[in-house]
Amino acid sequence: MSDRKGFGLLKGKKGIIFGALDERSIAWRIALACHREGAEFSLSNAPIALRLGALDKLAEETNSRIFPCDVSDEENVAELMNSLKEEHGAIDFVLHAIGMSPNIRKNKKYTDIEYNWYNQTLDISAISLHKILNHADKAGILNDGGSVIALSYIGAQRIFSKYTDMNDAKALLESIARNYGSRLAERGIRVNTVSQAPTKTSAGSGIKGFDGMYTFADKIAPMGNPTADECADYCVTLFSDLTKKVTMQNLYHDGGFVTAGISEEMIEGLAKLYADEE
Ligand SMILES: NC(=O)c1ccc[n+]([C@@H]2O[C@H](COP(=O)([O-])OP(=O)(O)OC[C@H]3O[C@@H](n4cnc5c(N)ncnc54)[C@H](O)[C@@H]3O)[C@@H](O)[C@H]2O)c1
């Protein structure tokens, strides 16, 4: 975490953070930043991810409890909301930082995917946001004026071949955020996606060709790729009361990548690379 002091931006706020696996996880960095800003929260991850025990360290550091939950199991999600009710009464923020594609893990091409795995990709990485909001709302634990963030990637808008079915999952995730956001808006609850640049995490590095995608984005973005800690600072602002009317948006956190064309450095590099062909 950056050694900056907090601003107390989340003082008095309670929340749930999904998806911290190890120190590199974006959710891990967000948990540290939320703690720095005075928030109280619980952590959740799939039981299988908790077996390694890495999350205990984060729980200790942030004074939080861990609740196992496999988001592909609706009953499990419903049970989690009851546990959160007992733990916090109600919550003000939700971080969805969950992504998984069996097709990517097994190196399946987009044109050769296994459909049961495709369903799992969509279920775990996107539909889970719907399930979480639905069951949180049913359990009556979402405070008015709260804020929900799901982490996305520009593969929702553009084709990144190595990201295969996760491109589709992110498009669905962003759509669910918009649609749920419209339903919760009258209660002042914001729902946004933050489209983060390639970041070196366990999920990121699991993608074949990730290094190429990382370098490509880093070279084109005028500010370069933002780190997970920088993403965490941005998410703090969205959880805070300083962004109360920002909702149903896909917000790019990518150093300017999305609107950049090509950089001078890349033009020069490519000119050298393809010199023989010109
Ligand atoms: N790393 C990147 O380059 C990048 C870029 C943009 C967006 N994102 C998104 O950020 C989010 C966090 O990913 P990360 O890069 O920090 O990697 P990560 O591997 O640290 O986090 C992914 C998390 O999803 C959890 N998960 C998987 N299946 C689950 C299930 N069934 N139930 C509950 N949790 C489950 C994993 O245990 C893990 O904690 C993901 O949505 C990812 O797509 C990542």
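Visitor: What is the mean pLDDT of the chain?
Guide: pLDDT is the predictor's confidence in each residue, from 0 to 100. Here the mean is 96, and 99% of the residues reach 70 or more. This is a predicted model, so local features need pLDDT of at least 70 and side-chain atom pairs count only at 80 or more, while totals for chains, interfaces and linings use all residues. Residues are numbered from 1 along each chain as its sequence is written.

Visitor: Where is confidence lowest, and where highest?
Guide: Where pLDDT is low, the predicted coordinates should not be read in detail. In this chain, helix 8 is lowest at a mean of 81, and strand 6 (residues 190–196) is highest at 99. Helices (H or I, at least four residues) and strands (E, at least two) are DSSP runs, numbered from the N terminus.

Visitor: Which helix gives the most to the shell around the ligand?
Guide: A residue is near a molecule if its C-beta atom, placed from the backbone, lies within 6 Å of it. Here 26 residues surround the ligand, the closest being S25, G99, T201, A203 and G204. Helix 8 gives the most, with 3 residues.

Visitor: Which residues of helix 3 are buried?
Guide: Buried means 20 or more other C-beta atoms within 10 Å of the residue's own, exposed 12 or fewer, with C-beta atoms placed from the backbone. In helix 3 (residues 55–62), L55, L58 and T62 are buried. Seen down the helix 3 axis, they fall within an arc of 60° (taken from the directions from the axis to the C-beta atoms), so they line one face. On the other side, D56, K57 and E60 are exposed. Just after helix 3, N63 takes a positive phi of about 60°.
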